[in-house]
Amino acid sequence: MALVLTEEQAMLRDSARGLIGDKAPVSHLRHLRDTGDATGFSRELWQTFAEMGFSGLLVGEEFGGSGLGCVEAGVVMEEIGRDLVPSPFLATAVLAACALARAGSAAQKLEHLPKIANGSRLAALAVDEGTKHRPLMTKMRAMRSGNGFRLDGDKAFVVDGHSADLLIVAARTAGSPGEADGLTLFLVDPKSKGIEIERTVMVDSHNAARIRFDNVEVNADGVLGEVDQGGSVLEGVLNVGRGAVAGEMVGVAEGVFARTVSYLRERRQFGKAIGEFQALQHRAAQLYIEIEITRAAVLKALQTLDADIANAASAVAVAKARAGSTATLAVQEGVQMHGGMGMTDQFDIGFFMKRARVCQELFGDANFHADQLARMRGF
């Protein structure tokens, strides 16, 4: 398949870029941070996302969505990254929608997917428990109790978990940490007795949460998929999320590059624009090449997810690792080529640097994915 967007996908990109550029430039994030906004994102903007069909991209048409795929979700994520938009799109429209579509029962899909598509229900995926992304090291226990289970344990770095109306929680019903077997996914009401949620505003001014589960009761209808068999479903959902975050990092890198090139044209030194100096031209050209190669790797991963999600892990690992390295290079070059201005808070580059750092860690950094790729190749 050609590594270019189709006409329809390009139209989606242009639509998302126009909306975000008009409603949520980087100044939107700065305003939310400076005012200490209690939600951390604009619910009005999210409703506009829903009205334009973005929240239902991965929801089937029978449930009110568009029935599109990971490429389209990645297109929107890239535009989100370009302007650093704080949005529940990743947590709700990508991760939760994918999990429900892949593993939900008919009743679960009917209950949740239409509300995700119309923007009235927010959801979050609760997987990680420590400082690093290690899904197989899940320790949280789900013990059988009557007609259901009791969840006991802690989750960390739950993206947009503070605002969720629904939690998708990975817990261990069998086996030991490090084993793929024995994981089960649960649909949990965040208002259930025994749940404590602490919002954590991250260094990039985006939102996450720490969630404590103290013997939280979940009935059998809350099991998403099969008991003890949630590992493969979770891995597929995480790979979709990783591909989406890789797309966001391409947007972060592109946003920094555009601002840096503009600055090189405007800033004058020794009677000429600094962009006329060959050394800076070479650095900008090399960064452009890296971004375009990474964009191709990410698009390939997203296409593979749409074509054969079960065999997309290696393409996703390459895309996520490379996107992290490219976004890091972009923000470092951006800061350096902006000179001292790049280190000041009133300038936007710092926001991009912080977001790139968080996205690197989200669902596994470059080292995690390099290790995963080595294991897949038998090294």
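Biologist: What share of the contacts in the protein with a separation of 6 or more comes from residues 24 or more positions apart?

Modeller: The model is a predicted one. Contact here means heavy atoms within 4.5 Å. Among contacts in the protein with a separation of 6 or more, residues 24 or more positions apart account for 74%.

Biologist: How compact is the protein for its length?

Modeller: The protein has 11 helices and 10 strands. Its radius of gyration is 21 Å, and the globule rule gives 21 Å for 379 residues. The two values are close, so the protein is as compact as a globular protein of that length.

Biologist: What box do the C-alpha atoms of the protein fill, along the principal axes?

Modeller: Of the 379 residues, 54% count as buried. Taken along the principal axes, the box filled by the C-alpha atoms is roughly 80 × 50 × 40 Å.

Biologist: Are H5 and H7 roughly parallel or roughly antiparallel?

Modeller: Helix H5 covers residues 89-103 and helix H7 covers residues 230-266. They pack with their axes 10 Å apart, at an angle of about 150 degrees. Angles over 145 degrees count as roughly antiparallel. H5 is therefore, relative to H7, roughly antiparallel.

Biologist: How many residues of the contact of H5 with H7 are nonpolar, polar and charged?

Modeller: The crossing of H5 and H7 is right-handed. On the H5 side the contact is made by Leu90, Val94, Leu95, Cys98, Ala99, Arg102 and Ala103. On the H7 side it is made by Ser232, Val233, Gly236, Val237, Val240, Gly241, Ala244 and Val245. By class, these residues divide into 11 nonpolar, three polar and one charged.

Biologist: Are H8 and H9 roughly parallel or roughly antiparallel to each other?

Modeller: Helix H8 (residues 278-307) packs with helix H9 (residues 313-337), their axes 9 Å apart. The angle of this pair is about 155 degrees, and angles over 145 count as roughly antiparallel. H8 and H9 are therefore, to each other, roughly antiparallel.

Biologist: How many residues of the contact of H8 with H9 are nonpolar, polar and charged?

Modeller: The crossing of H8 and H9 is left-handed. The residues of their contact divide into 16 nonpolar, four polar and four charged.

Biologist: Is Glu79 buried or exposed?

Modeller: Glu79 lies in helix H4, which covers residues 70-83. Its relative accessibility is 1%, and the cut-off for a buried residue is under 20%. Glu79 therefore counts as buried.

Biologist: Which residues does Glu79 touch, not counting residues up to four places away in sequence?

Modeller: Pro190 is 111 residues from Glu79 along the chain, and the C-alpha atoms of the two are separated by 30 Å. With residues up to four places away in sequence left out, Glu79 touches Arg13, Ala16, Arg17 and Ile20.

Biologist: Where is Leu84 found, and is it buried or exposed?

Modeller: Leu84 has a phi near 55 degrees, a positive value in a residue other than glycine. Leu84 is found in the loop between H4 and H5. With a relative accessible area of 0%, Leu84 is buried.

Biologist: Is Ser205 buried or exposed?

Modeller: Ser205 is not a glycine, although its phi is positive, at about 70 degrees. Its place is in the loop between strand S6 (195-201) and strand S7 (207-219). The relative accessible area of Ser205 is 14%, and a residue under 20% is classed as buried. Ser205 is therefore buried.

Definitions and conventions. Residues are numbered from 1 along each chain as its sequence is written. This is a predicted model: local features need pLDDT of at least 70, side-chain atom pairs count only at pLDDT 80 or more; totals for chains, interfaces and linings use all residues. Side-chain values use heavy atoms; hydrogens and water are left out. Axes are lines fitted to C-alpha atoms, for helices over the stretch in contact, and angles run from 0 to 180 degrees between N-to-C directions. Helices (H or I, at least four residues) and strands (E, at least two) are DSSP runs, numbered from the N terminus. Angles under 35 degrees count as roughly parallel, over 145 as roughly antiparallel, 65 to 115 as roughly perpendicular and the rest as oblique. A crossing is left-handed if the near helix is turned anticlockwise from the far one by less than a right angle, and right-handed if clockwise. Ala, Val, Leu, Ile, Met, Phe, Trp, Tyr, Cys and Pro count as nonpolar, Asp, Glu, Lys and Arg as charged, and the others, Gly among them, as polar. The radius of gyration is taken over C-alpha atoms; the globule rule is 2.2 Å times the number of residues to the power 0.38. Buried means under 20% relative accessible area, exposed over 50%, partly exposed in between (1.4 Å probe, protein chains only).
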